[in-house]
Amino acid sequence: MQVVLCALIGYLFGNINPAFIISKLKGFDIRQRGSGNAGASNTVITVGKKAGLFVALFDIFKAVAASLLGAYLFPQLRFAKILAGSCCILGHIFPAMMRFHGGKGLASLGGTILAFNPIVFVLLLGFEMILGFSMDYVCVVPVTGSVIFTMIYALITGDPVGTAILSVVALVILFKHIENFKRIQNGTEAHISFLWKKEQEIARIKKNTDD
């Protein structure tokens, strides 16, 4: 019962989606514009940088809150923090309140890592920023980050249950980014440089889409 309640708390936190709320306040559904996902990167594309930053921070700290609350309420569960954080990620990706069509979990993954260990978060963030900017694609960050964090968690804790939970999350994140990698192949995936080369990126994507 403790496992179920801990998972449920994380999942419910994940269902709180600021990207979707902001888009509705603006008069549209973010899942029907841009990349079609209710997350920070698509908020940048469809609403703007400030809104995207707010969404990213909110999604990070909702995962932090879920993880810490889970650990506080269920101290008997060694993996409570990871379970609540992972279920927050899954709640963000598959929110029941949004008919199971949410975001892709990057920021909430970051929040789960931050709650687990701030030093690991900072080191992994630095590595992923270098990787993301060198490849100029955001989608490589959650896929590689989820796998690397799973390995780090296993090495630090030796906890098989938490490692298994994180492995499932990593597979889900990989599955959710298959379309991104397909768009990279056909040249229609937005580069990170969209942030400062918006017009050129829109023109490039439109040209490749028309072709």
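Colleague: What lies over the face of F28?
Modeller: R33 does, at 4.1 Å from the ring centre, where a charge counts as over a ring if NZ of Lys or CZ of Arg is within 6 Å of the ring centre and within 35 degrees of the ring normal. This is a predicted model in which local features need pLDDT of at least 70 and side-chain atom pairs count only at pLDDT 80 or more, while totals for chains, interfaces and linings use all residues. Residues are numbered from 1 along each chain as its sequence is written, and side-chain values use heavy atoms, with hydrogens and water left out.

Colleague: How many aromatic pairs are there in the whole structure?
Modeller: The search finds 4, counting rings of Phe, Tyr and Trp (its six-membered ring) whose centres lie within 6.5 Å, with planes under 30 degrees apart called stacked, over 60 edge-to-face and the rest tilted. One of them joins F116 and F149 edge-to-face, at 5.5 Å centre to centre and 70° between the planes.

Colleague: And are those two buried or exposed?
Modeller: Both F116 and F149 are buried, meaning under 20% relative accessible area with a 1.4 Å probe and protein chains only, where exposed is over 50% and partly exposed is in between. Ring pairs also bring Y153 into a cluster with F116 and F149.

Colleague: Switching topic, which residues does I173 touch?
Modeller: Apart from neighbours within four places in sequence, I173 is in contact with I89, I93, K104, L109, P142, V143 and S146, contact being heavy atoms within 4.5 Å.
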